[in-house]
Structure formats: structure tokens, C-alpha cells
Amino acid sequence: MTGLQTLRFILLTGIAVSYGWGMRGLLIGGEKGAMLPGALLGLMLAKFSGIPVLSDHAVLFSAVGAMGTAFGGFEPYAHTADFMLHRNAPYYNPSLAYKGILLKGANWFGLSGVFLGIGFSAMTGNIYKWYDFVLFFALEPFIQALGVELFNKPFDPQNGVFPKRYFSRTSREEWGGNSLMLVVLLLWTLVRRDWFAFLFGVVGMVTGSVGWLAAYKLDDYTAHRKKNGKYPFGKLQEMGVIDNWKIMEFGYGMIAGLCFAGYVCLQRNHLLSLAAQMENGIWNPLGRYGDMAAWIAFALILLTAVQYIFVSRAQKQGKKPDMHIFELLERPAYFVIPFALVMLGSETMAELICFPVLMWVAVEENLFGRLEDMPQKKWLKPVYLVLFVGAMAAAVLLHGTFPLWAKALLYTVFYLLCDLPYVLFHPKTKTERRRMLCGVSTVYGCFAVQSAILIAILCK
């Protein structure tokens, strides 16, 4: 790539991840929301690398990015940021916030980076063996559980019992599980002498920690009045036109995209050597069995929606179910079995993750989350179901071709349309609605520009 092409590649990746991270904070959140910026990251790094074999199989790396970035979403971080952002609160403790943000940021994008690095290396079939992935993903839930047990227990908020290293106020933390998994992955890359993936993880750790802290410091600066009593953006902030939280999310996504793309550019010669090893095709030890396994795994993902039947029944009986238990049961279906299949070269699994699953998580959030707060808008439920059924039909019809224009519209237009009903119909006071609409006009304006750029480059 020329200097101009390199600059364009880095900038566009930054814009893509900035959009994805901003949308995550707007619509879904958690580990499922983190799949969108991860999918865009993996897609941009492969599709616009200028290396044909990577570009042709970009869906694999998009899926790796989606699921590799999702793991960080297991860890709550809002309470950690509160220690820095709420200056007048009795729990104000910026030093604790800095430590927590540095740790959680390093875990989040360290995992994203090392998984992406392993993904690029694995597709050659020469660095990792099939049993590496079978063994790792079989042990992954136990590694997570061991890390939580070692670092995030005891946890009994009702009796004021918390772990020794605790970076929240009342929420359950799981950074121990992610930390242990990250260490295992980095050691694994060293055993396989995969320096590319190891350094990818290190870059992710630095990007996640320093970048996230910088983004939160920007949030902290813009959230408070200066000595003269005015906000940094003056009346625009008072009116709600500028949202300091979205500044943080857009900013962090941009930093992450720029840093990862920069690392890929520096490692271009190594990527070319990996691509040369893929001349005979992408590694696929599962063969034709990968397709069947992928559809079974996809059915398991959809089957997790059964949990909402039990949740609904419990709520009708006046009970409050422990959603953390359901989250633990979901993880193998969403992030262990499918991830193992993708790492074993199943492009069918990758397509299912990048198209219907990423659509389903947006639909699921509205059907069983947001619309529960709007009982008077039940007519929206069939609308979301029809949209998802349409996506399923498209996934079947487009199987094996998976045009980028479909992805571009899914990740932009569809996600924005999923959010609009909540914005327009969620009950609010007139003052809240006026302020919300002011903020939405700015946020959606930013989303519109980013979406237009993504659609333009992906639909060429």
C-alpha cells in the first residue's frame, strides 16, 4: 500500500470502530453489544488490508473480531468510572477509578487483539493444530470460573463483603476471569512461537488501558463546569446538544481502531507471509462437517431465547430472577462453541455470526428489554420479529456469497432503526424529551456521517 492508502486504511478503521463502539453504548451494551465494534474491526483489518486472500475471506476475521471483543463485555465498568466522574459523591476516588479502568481496558482489548492475531495465524493451518482450539474452548469456561474464584470472590454485597481488589460500588466483577484467560492466551502464543499474535495482544492491552483512560478523562473534563461556571462546550452542553458520554464512546472507539490498524500496517510483511501460506485455501480441518455444525450452533444460540419464558413467569409471580445465571448459561452457546468453529475455519459459522446473530442481538434487546418498558407499544414486537425473519431468509438465500452491501446496511441502517422506536416512543417528561431530542440530533448526526462512510466503502 502507498502512504496515502495506508493513511486511508487507518482512518477508515478508526471511523468504523468509533461508530461500532458508539452504537454499542446506545442500543445493546454488554458482551452482545461489543460484538458490533469487534465485527467491524475484524472486517476492516482484513477487507482493506490490500491482501487478496484476507480480503476474500474477511467474514472469518470479522467473526473472530466480534466474538473476541465480546469477552470484555462480561465485565461491568460504569461503576468503576463513577469513582472518577462523580466528583461530589462520597465514594469519589479517582485513583481507584484509574486502576480499574487501566486493568479492565487492558483485559478487554488485550483479548480482542490476541484473538484477532491468533485468527490470522490459524488460517494458515501451519501454526496451530485443530486440537489447540478444541482444548482451549473446552477449558475456557473453567478458566473464566477459576479467575473469578481467585480474584473476584468473596462477593456478598448485602453483608458488605467484597473481594480484596474491587473496582465497583455494588456490581459483580469478573475481571479475574478475563485476566486469567488473557494470560493463558498470551502464553499459548509464545508456546506456538506466534509473535504476531502475542504482540497483537500487547498492542491491545496498551490501547485498551491508555486509550480508555484517555477517553474517560475527556468525559470527565467535558462533564463538569469550569471555574467560570461554564461547560467546555457552553450552552450546547446545557441544552443537551453535546453528550459527554458519547464523546467518550466515540473517542475510545476511534483510538482502538487507529491503533489496531496501525499495528497491522507495521506487520504488513508478516501478513503477506501468512497470506502466502494460504494460497491453497483457508485452513478448514472440519471440511463439510463444519456447515452442519455451524447450523446446529446457530440453533443453540436461538434456543437461549427460551430463558425469557422463565424470566417472564418469575416476574409475574413477583420474583426477581438472577439474570447472571442466564448469562453464564448463554456464554457457551454464543461465545464458546461458535468461536471454536470459526477458529477451525468454518466460514458458514462466521457468516451466521456476522449476519443473523448480529441482527438477532439487536432484535432480542428490543423484544425482551426495551419494549418491556413500553407496554403501550406492543405493536412494535411483530415489527421486530418480521425484520428478524427477513434477515434469516436473507442469510439462507445469500449463504456462500454474503455481499458486503448487506453487512453495511445491517450494521448501520438496521441498527439505527432498532434504536429509533425507543427514542421516539419511550415515555418522558416534556423537559426530558426536549433535552433528549437535542442530544439525539447530534448523536444521530454523527452516526449518519459514519454510516454514510461505511456504506460507501463497503458497497463499492
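Leucine 41 counts as buried because its relative accessibility is 1%, where buried means under 20% relative accessible area, exposed over 50% and partly exposed in between (1.4 Å probe, protein chains only). This is a predicted model, in which local features need pLDDT of at least 70 and side-chain atom pairs count only at pLDDT 80 or more, while totals for chains, interfaces and linings use all residues. Residues are numbered from 1 along each chain as its sequence is written, and side-chain values use heavy atoms, with hydrogens and water left out.

Let us stay with leucine 41 for a moment. Leucine 41 sits in helix H3; helices (H or I, at least four residues) and strands (E, at least two) are DSSP runs, numbered from the N terminus. Setting aside neighbours within four places in sequence, leucine 41 is in contact with Thr13, Val17, Ser112, Leu116 and Phe260, contact meaning heavy atoms within 4.5 Å. Tryptophan 405 lies 364 residues from leucine 41 in sequence, and their C-alpha atoms are 17 Å apart in space.

From here you can follow helix H3 (residues 35–47) to its packing with helix H19 (residues 404–425), where the axes are 12 Å apart and the angle is about 150°. Because of that angle, H3 is roughly antiparallel to H19. Axes here are lines fitted to C-alpha atoms, for helices over the stretch in contact, and angles run from 0 to 180 degrees between N-to-C directions. Angles under 35 degrees count as roughly parallel, over 145 as roughly antiparallel, 65 to 115 as roughly perpendicular and the rest as oblique. The crossing of H3 past H19 is left-handed; that means the near helix is turned anticlockwise from the far one by less than a right angle, with clockwise giving a right-handed crossing. On the H3 side, Leu36, Ala39, Leu40, Leu43 and Lys47 meet Leu404, Lys407, Tyr411 and Tyr415 of H19.

Now turn to another helix pair. The axes of H8 (residues 130–151) and H9 come within 6 Å and cross at roughly 140°, so H8 is oblique to H9. H8 passes H9 in a right-handed crossing. Residues making this contact include Phe133, Phe136, Ile143 and Phe151 of H8, and Trp175, Leu180, Met181 and Trp188 of H9.

Serine 179 is also found in H9, and with 15% relative accessibility serine 179 counts as buried. Beyond residues up to four places away in sequence, serine 179 touches Leu103 and Asn107. The C-alpha atoms of glutamate 351 and leucine 60 are separated by 7.7 Å, although the two are 291 residues apart along the chain.

What about the cysteines? With a disulfide taken as a pair of cysteine sulfur atoms within 2.5 Å, the count comes to zero disulfides. The sulfur of cysteine 265 is too far for a bond because the closest cysteine sulfur, in cysteine 259, is 12 Å away. Cysteine 418 is likewise too far for a bond, because its closest cysteine sulfur, in cysteine 354, is 17 Å away. Both count as buried, cysteine 265 at 19% relative accessibility and cysteine 418 at 1%.

Finally, a word on confidence. The protein chain averages a pLDDT of 86, and 91% of the residues score at least 70; pLDDT is the predictor's confidence in each residue, from 0 to 100.
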